[in-house]
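Student: I would like to learn how to read salt bridges. Could you take me through them?

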Amino acid sequence: MAKLRVMSAGAMEGPVHDLTPEFEKASGHQVELIFNTVGALRTRFVGGDSPDVIILSSQVIEALEKESRFLPESSAQLGRATCGVAVRDGMLMPNISTVENFRKMLGFAGSIACNDPAHGGSSGIYFADLLKRWGIYDQLKPKMVLCKTGRECAMSLVEGRAEIGITFTSEFIPVEGTRVVGPLPKEIEYVNGYAAAIPVGADAAAKDFLAFLTSPESKARFKDFGLE
């Protein structure tokens with residue numbers, strides 16, 4: 001029986017967290033799950049942390065693969081997460097059907113939870129860059145509730161610390177008490193692919209875990225969390 005360490009980006013937390021107990025029961029292996037932003041996990045990994053499986057954005061996995069940090073041909077695509085808007089369950093659903101309506105919502109909102117770009121969250125980096133391109137970042141900054149992870153962003157809604165939440169919809173769906181309004185308007189959509197890989201030196205059972213995550217049954221579960 002092996003004890004595996006799995007490091008995963010927060011956008012994949014919902015399905016990975018739900019599927020892991022099933023893998024443990026079927027295989028007899030134990031799995032320690034570590035969730036954080038892509039940037040934070042990449043820094044830990046490059047700095048010497050040694051997970052048996054790592055799940056990051058597809059671009060980062062590809063870049064690390066070129067550095068020969070993974071077992072040959074061990075990487076696998078898991079799904080694509082879409083950035084969107086959520087509110088606390090029971091709150092009025094804002095209209096975000098167009099870019100104009102989305103911008104109006106940002107102006108009317110008293111507080112906006114989003115990932116802090118400084119912590120390496122992909123959605124937070126994108127959202128901050130979008131506001132800077134529009135020239136309204138400084139105007140909205142005072143009412144931003146900056147979060148270290150997407151889950152913290154969702155919890156900010158549940159706990160009443162923010163009216164609006166903006167991160168990947170897959171990070172809202174697992175959190176009871178949140179309600180997804182929808183994805184960002186098509187013209188400004190942000191979709192990010194995620195992949196898993198097995199680092200050099202990982203336990204042999206890591207291949208079993210990755211095979212489990214990429215099985216047809218597991219892929220269907222990823223879709224339940226809004227992951228394409």
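**Reading the salt bridges**

Tutor: Begin with K66. This is a predicted model, and in it K66 is exposed, at 67% relative accessible area.

Student: Which side chain does K66 meet in a salt bridge?

Tutor: First the general idea. Side chains of opposite charge can pair when their charged atoms come close. Here K66 meets E62, with 3.9 Å from N to O. The cut-off is 4 Å, so this pair counts.

Student: Where do K66 and E62 lie?

Tutor: Both are in helix 3, residues 58–66. They are four residues apart, so about one helical turn separates them. E62 is partly exposed, at 43% relative accessibility.

Student: What is the N to O distance between K104 and E100?

Tutor: Their closest N and O atoms are 3.6 Å apart, in a salt bridge. K104 and E100 lie in helix 4, residues 99–108. Again the spacing is four residues, about one turn of the helix. K104 is partly exposed, at 41%, while E100 is exposed, at 53%.

Student: How many salt bridges are found in the whole structure?

Tutor: The search finds 10. One of them joins D49 and R5, with closest N and O atoms 2.9 Å apart.

Student: Which parts does the D49 and R5 pair tie together?

Tutor: D49 sits in the loop between helix 2 (38–46) and strand 3 (53–57). R5 is in strand 1, residues 3–9. The pair therefore ties together parts 44 residues apart in sequence.

Student: Which residues join R5 and D49 in one network?

Tutor: E32 and R44 do, through salt bridges that share partners.

Notes. Residues are numbered from 1 along each chain as its sequence is written. This is a predicted model: local features need pLDDT of at least 70, side-chain atom pairs count only at pLDDT 80 or more; totals for chains, interfaces and linings use all residues. Side-chain values use heavy atoms; hydrogens and water are left out. Helices (H or I, at least four residues) and strands (E, at least two) are DSSP runs, numbered from the N terminus. Buried means under 20% relative accessible area, exposed over 50%, partly exposed in between (1.4 Å probe, protein chains only).
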